[in-house]
Number of protein chains: 2
Amino acid sequence: MFVILVYDVEQKRVNKVLKTCRKYLYWVQNSVLEGEITESKLTKLKMELEKIIKKDKDSVIIYRFPTKKYQVIETIGIKKGGEDNII
Amino acid sequence: MFVILVYDVEQKRVNKVLKTCRKYLYWVQNSVLEGEITESKLTKLKMELEKIIKKDKDSVIIYRFPTKKYQVIETIGIKKGGEDNII
């Protein structure tokens, strides 16, 4: 499946959250990652994130889609990251 | 259609970008908005954003979907904003 993950976490946990997400997804722009991922890997990612974040302060949203095919992605301005631009 | 909009713009333009996006979409979390929007309203929104942002520095990504029905949205941690929580 294709997922978009957006996080809004306290500064001190940003690095750990980002590093964890990057093991599974690619970075798109500030606090946004995307990627194709299997159900089992997504479960792993969520378990790892649940250990890092403070559930009463931080927020991570995962949008799940059956496939990337049915979505249109438009960028206004510069393209900071993306599949072909892994940093 | 349903859209997810994520922005990564310089601090001095954040307020203006957020204010503009909020005319059309609802705030979800830091730098993320969502909502049902018509094609013509999305065109208007994009035109307004193009006037505000610096295209060589800022980035706005719009994910477009035919309908919200086919997507699954999961939140880990707190739900900061959303349709039922307009601030």
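Two strands count as paired if DSSP finds at least two bridges between them. In this predicted model, β2(B) and β3(B) meet that criterion, pairing in the antiparallel sense over three bridges. Gln29(B) has Val32(B), in β3(B), as its bridge partner. The two strands form a hairpin, with two residues between β2(B) and β3(B). Within the turn, Ser31(B) has a positive phi of about 65°.

In chain B, 37 residues are in contact with 37 residues of chain A. The size of an interface is often given as the accessible area lost when the parts come together. Here the area buried between chain B and chain A is about 3,300 Å². Carbon and sulfur atoms give 54% of that area. On the chain B side, the residues that lose the most area to chain A are Tyr63(B), Glu74(B) and Ile76(B). Together they account for 24% of what that side buries.

Between chain B and chain A, 26 residue pairs are in polar contact, with both residues at pLDDT 80 or more. The side of chain B that touches chain A draws at least two residues from each of β1 (2-8), β2 (26-29), β3 (32-36), α2 (39-52), β4 (59-65) and β5 (72-77). The largest share, seven residues, comes from β4(B). By residue class, this side of chain B comprises 19 nonpolar, seven polar and eleven charged residues. Four salt bridges are counted between the two chains. One of them joins Glu74(B) to Lys46(A), with the closest N and O atoms 2.6 Å apart. Glu74(B) is also among the three residues of chain B that lose the most area to chain A.

Strand β5 of chain A, residues 72-77, pairs with β4(B) in the antiparallel sense over six bridges. Within β4(B), Val60(B) stands opposite Ile76(A).

The relation between the copies was then considered. Two copies of a chain are related by a rotation about an axis and a shift along it.

Definitions and conventions: Residues are numbered from 1 along each chain as its sequence is written. Chains are lettered from A and ligands numbered from 1 in the order in which they are written. This is a predicted model: local features need pLDDT of at least 70, side-chain atom pairs count only at pLDDT 80 or more; totals for chains, interfaces and linings use all residues. Side-chain values use heavy atoms; hydrogens and water are left out. Contact means heavy atoms within 4.5 Å. Buried area is the accessible area (1.4 Å probe) that two parts lose on being put together, summed over both. A salt bridge is a side-chain nitrogen of Lys or Arg within 4 Å of a carboxyl oxygen of Asp or Glu. A polar contact is a pair of N or O atoms within 3.5 Å; within protein, one must be able to donate a hydrogen and the other to accept it, and residues adjacent in sequence count only if both atoms are side-chain atoms. Helices (H or I, at least four residues) and strands (E, at least two) are DSSP runs, numbered from the N terminus. Ala, Val, Leu, Ile, Met, Phe, Trp, Tyr, Cys and Pro count as nonpolar, Asp, Glu, Lys and Arg as charged, and the others, Gly among them, as polar.
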